[in-house]
Amino acid sequence: MIGILFLRYLSWETITDKRSFLIERIVSLNVFGSTVTSKDAPQISSQDNVFGASGLWIKAAYINHTCMKNCARTFIGDTMIVRATKDMPANTELGWCYADPMNREKMQKSLSNSWGFTCDCAMCQDDAKTPLKSKARRKEILASLSRSDPRDAAVKLESTYATPAKDVPRFELFQLYLAMAQHFIKDKGNGNALNASIYALKALEALGFVIYGVDMKTSMSQRTKTGLVVKQWGYAAEQITECWEILWTVWRVTSPDLAEKAKFYWKLAYMMVRAGESDTFDDYYSLGKSTGGESESEKLVERVRAMNLKPSGIL
């Protein structure tokens, strides 16, 4: 879809007629903001002098809010690409998040103030049923991370959830597991690649992913006929690309039969939530290049090869 671009420097203060203020209101509630190309967004810092724009894509503006989103948007120039992030029956209504669902209270306030409604999706219903004691316990656990073992914290955090992750994602747990996976694979001194892959799997599981063909406790292949299969896609956070990258990196060494399928899902996630297309995948991650040195992913693979890895379940 081609958007009508509104540059940031456009001043609405010069407009005085009532219909124009109505237009401003319509724009403010339906406009989308983005960098010119979505895939470049993670590499841009707040100090970079990068052109950003807002646009009104009429059909996309009709997509309603839900915290349990089933599609994602990316931008290439003035084109918005909307992709499904999970399998859906025909005629399923599309939905995505209007505000960050991590902070439920802030999100509901934003929805109420700006759009005049409160969300009543499965995630919000579950949040409303969660005892205040459990929510307070989560905050307490997260606040104590700097002075406690994150592995113990993860076990305690899991105990504060009642609804299975496959039905309602567990965002706090996802963030903790992903941070642990990143630490274990990148820490040269104390890194343990097998633990990194286990926690990457746990991070995906916390978002509602259901994955077959791999032992979730050891991250080793179960060597089934079907191999690695994502039976259910969970919440499509942008960081799922990092989870699949970690799994591919480790499995290149420990379970080659899983590595190729992991790369397939990594590329699919990149297309869904990062870039909108898959043609730039290899270049983006510097994969398969014979010149110019190794990519960060390839360097991690070599580091994993140098480790003495032994399968062992944790948690």
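# Reading contacts, rings and cores

User: Which residues does Phe-209 touch, leaving out residues up to four places away in sequence?

Analyst: Phe-209 touches Leu-204, Val-230, Gln-232, Trp-233, Gly-234, Tyr-235, Ile-240 and Trp-244, with residues up to four places away in sequence left out. Do keep in mind that this is a predicted model.

User: How many residues does the largest nonpolar core have, and which of them have the most contacts inside it?

Analyst: That core has 68 residues, and Phe-209, Ile-211, Leu-228, Trp-244 and Trp-251 are those with the most contacts inside it. Among the elements that give it two or more residues are helix H2 (104–115), helix H8 (240–254) and helix H9 (256–275). A second, separate core has 10 residues, including Phe-32, Cys-71, Phe-75 and Met-80.

User: Where does Met-80 sit relative to Phe-75?

Analyst: Met-80, in S6, is the bridge partner of Phe-75.

User: Now for the rings. How many aromatic pairs are there?

Analyst: The count comes to 20 aromatic pairs. Let's take one of them: Phe-184 and Tyr-199 are stacked, at 5.6 Å centre to centre with 10° between the planes. In general, a pair of aromatic rings is described by the distance of the centres and the angle of the planes.

User: What does the pair of Phe-184 and Tyr-199 tie together?

Analyst: Phe-184 lies in helix H6 (residues 171–186) and Tyr-199 in helix H7 (residues 193–206), so their pair ties together parts that are 15 residues apart in sequence. Both Phe-184 and Tyr-199 are buried. Elsewhere, Trp-248, Trp-266, Tyr-270, Phe-281, Tyr-284 and Tyr-285 form one aromatic cluster.

User: Which ring faces do Arg-73 and Arg-138 lie over?

Analyst: Arg-73 lies over the face of Trp-96, at 4.6 Å from the ring centre. For Arg-138, the ring is that of Tyr-161, with 4.0 Å to the ring centre.

Key. Residues are numbered from 1 along each chain as its sequence is written. This is a predicted model: local features need pLDDT of at least 70, side-chain atom pairs count only at pLDDT 80 or more; totals for chains, interfaces and linings use all residues. Side-chain values use heavy atoms; hydrogens and water are left out. Rings of Phe, Tyr and Trp (its six-membered ring) pair if their centres lie within 6.5 Å; planes under 30 degrees apart count as stacked, over 60 as edge-to-face and the rest as tilted. Helices (H or I, at least four residues) and strands (E, at least two) are DSSP runs, numbered from the N terminus. Buried means under 20% relative accessible area, exposed over 50%, partly exposed in between (1.4 Å probe, protein chains only). A charge sits over a ring if NZ of Lys or CZ of Arg is within 6 Å of the ring centre and within 35 degrees of the ring normal. Two strands pair if DSSP finds at least two bridges between them. A nonpolar core is a set of buried Ala, Val, Leu, Ile, Met, Phe, Trp, Tyr and Cys residues joined through side-chain atoms within 4.5 Å. Contact means heavy atoms within 4.5 Å.
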